[in-house]
Amino acid sequence: MSATTTPTSPLHTWWSRRPPTAGAAVMATGILSVTLHQTGYETLSRIALALASVTWLALAADFTARLLWDRARWVKEAATPAALTAIAATTVLGTRFSVLGWQTLAKALLALAAVLWPGLLIAVVRHWHRGMPGTVFLGCVATEGLAVLGATLAVTEASAWLAHAALVLFWLGLVLYVVALTRFDLRQVADGVGDHWVAGGALAISALAGSKLFAADSARLYLWNDDDTSTLHTVTVALLVLDLAWYAALLLAEIAWPRPRYDIRRWATVFPLGMTAAATLSVAAALDVPWLEGPGEALMWIAVAAWLAVTAGAVWAYAPGSTTGAGARTAGTDVTSTTRR
């Protein structure tokens, strides 16, 4: 334990003070892997997947170590919305592995996320209050992540029960979004340091879940009747439109109130950018709207540029001798306290 409390290098310092929201880096990199695959950039997609997987393994090891040997800190962090990045990151990776054909690994990740989901979600929701930052929407993101992975596996496994379970999670995720919206501090649009973008990202992953559920139906499974299909179609389109509206509003807010300084919560900006691209491309394919493919790919490259910028900011902030490193570490550490204002 002394090694974690008295780090001897910038990397060790960052790791020991890393807040739960660091899981957003896996979410952001994982969804970029998905979008790069959707647009045919398979080599880049697999590089992103490898980076996300290595980071996930490191965070999973740290998650387990804290649970076993630093229980007080684990319990404290498990009650913050950012703890749900563990579930969201796991489902994003599982979805990519399923598309890659690694179904056993994808099912294992779904099982792990499903086991963690109820306990973490209940712990987080119990601490919701008014005036919260964008991490409040992670309840929706984690739930919809399970829906996306469940619907994806339902197709490959020809499993109707898995598709119906994913549908229940889809609707539950939308309920959680509405409740979270009443707790969200709208001033974060102007003052937030990155995680305010999750307000749009949660709608994006909901639209992705809707498109996956819509596409899961087939003569082999026969999941939905005409009314169900019509409802899924309408809701999915509405979610994508609302997500794009959030995207535009948040982008304009970034221009009006620039926030160029690096903060670890900027990974929670990259994830919604990538998820919006993934949702747009998935809706284009599932609902047969080919003209959305061009905008979807353009959104993907914006997300890639944002990922590169945040990565460069992280490297600069934690480089030896950097004067911004301490501030970046402090900002990251403060994420827990901002959820308890």
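Predicted model: local features only at pLDDT ≥ 70, side-chain atom pairs only at ≥ 80, totals over all residues.

Residues are numbered from 1 along each chain as its sequence is written, and side-chain values use heavy atoms, with hydrogens and water left out.

Of the 341 residues in the protein, 55% are buried. Buried means under 20% relative accessible area, exposed means over 50%, and partly exposed lies in between (1.4 Å probe, protein chains only). The protein exposes about 14500 Å², and carbon and sulfur atoms supply 69% of it. Accessible areas come from the Shrake-Rupley method with a 1.4 Å probe; for residues, only the protein chains shown count as cover. Among contacts between residues at least 6 apart in sequence, 82% join residues at least 24 apart, where contact means heavy atoms within 4.5 Å.

**Interior**

In soluble globular proteins, nonpolar side chains tend to be buried together. The largest nonpolar core of this model holds 108 residues, of which Phe137, Val141, Phe170, Trp267 and Phe271 touch the most other members. Helix H11 (residues 198-216) supplies the largest share of this core, with 12 residues. A nonpolar core is a set of buried Ala, Val, Leu, Ile, Met, Phe, Trp, Tyr and Cys residues joined through side-chain atoms within 4.5 Å. Leaving aside residues up to four places away in sequence, Val141 touches Met27, Ala88, Val198, Ala202, Ile205 and Phe271.

Gln103 lies in helix H7 (residues 103-125). A polar atom of the Gln103 side chain lies 2.8 Å from the backbone oxygen of Ser98. Not counting residues up to four places away in sequence, Gln103 touches Ser98, Leu153, Thr156 and Glu157.

**Salt bridges**

Side chains of opposite charge can pair when their charged atoms come close. The structure holds 7 salt bridges, each defined as a side-chain nitrogen of Lys or Arg within 4 Å of a carboxyl oxygen of Asp or Glu.

| Pair | N to O distance |
|---|---|
| Arg46 and Glu42 | 3.2 Å |
| Glu42 and Arg96 | 2.9 Å |
| Arg265 and Asp263 | 2.9 Å |

Arg265 is buried, with a relative accessible area of 8%, and Asp263 is buried at 6% relative accessibility. Elsewhere, salt bridges that share partners join Glu42, Arg46 and Arg96 into one network. Arg46 and Glu42 are separated by about one helical turn, because they are 4 residues apart in helix H4. Arg46 is partly exposed at 46% relative accessibility, and Glu42 is partly exposed at 24%. Glu42 lies in helix H4 and Arg96 in helix H6 (residues 85-100), so this pair ties together parts that are 54 residues apart in sequence. Arg96 is buried, with a relative accessible area of 1%.

**Surface**

Tyr41, Leu44, Ile47, Leu51 and Trp301 form a nonpolar surface patch with about 440 Å² of accessible area together. Patches are made of residues with over 30% relative accessible area and no salt bridge; like charges are joined within 9 Å and nonpolar side chains (Val, Leu, Ile, Met, Phe, Trp, Tyr) within 5 Å. Helix H4 (residues 42-69) gives the most to the nonpolar patch, with 3 residues. Ile47 belongs to helix H4 and is partly exposed, with a relative accessible area of 47%.

Ile302 is found in helix H14 (residues 293-317) and is partly exposed at 41% relative accessibility. The C-alpha atoms of Ile302 and Gly274 are separated by 8.1 Å, although the two residues are 28 apart along the chain.

**Loops with positive phi**

Which value does phi of Ala158 lie near? Phi of Ala158 is near 50 degrees, a positive value in a residue other than glycine. Ala158 sits in the loop between helix H8 (138-157) and helix H9 (160-183) and is partly exposed, with a relative accessible area of 26%. Asp288, another residue other than glycine, has a positive phi near 55 degrees. Asp288 is placed in the loop between helix H13 (267-286) and H14 and is exposed at 63% relative accessibility.

How values were computed: Helix = DSSP H or I, 4+ residues; strand = E, 2+ residues; numbered from the N terminus. Polar contact = N/O pair within 3.5 Å; in protein donor to acceptor, adjacent residues only side chain to side chain.
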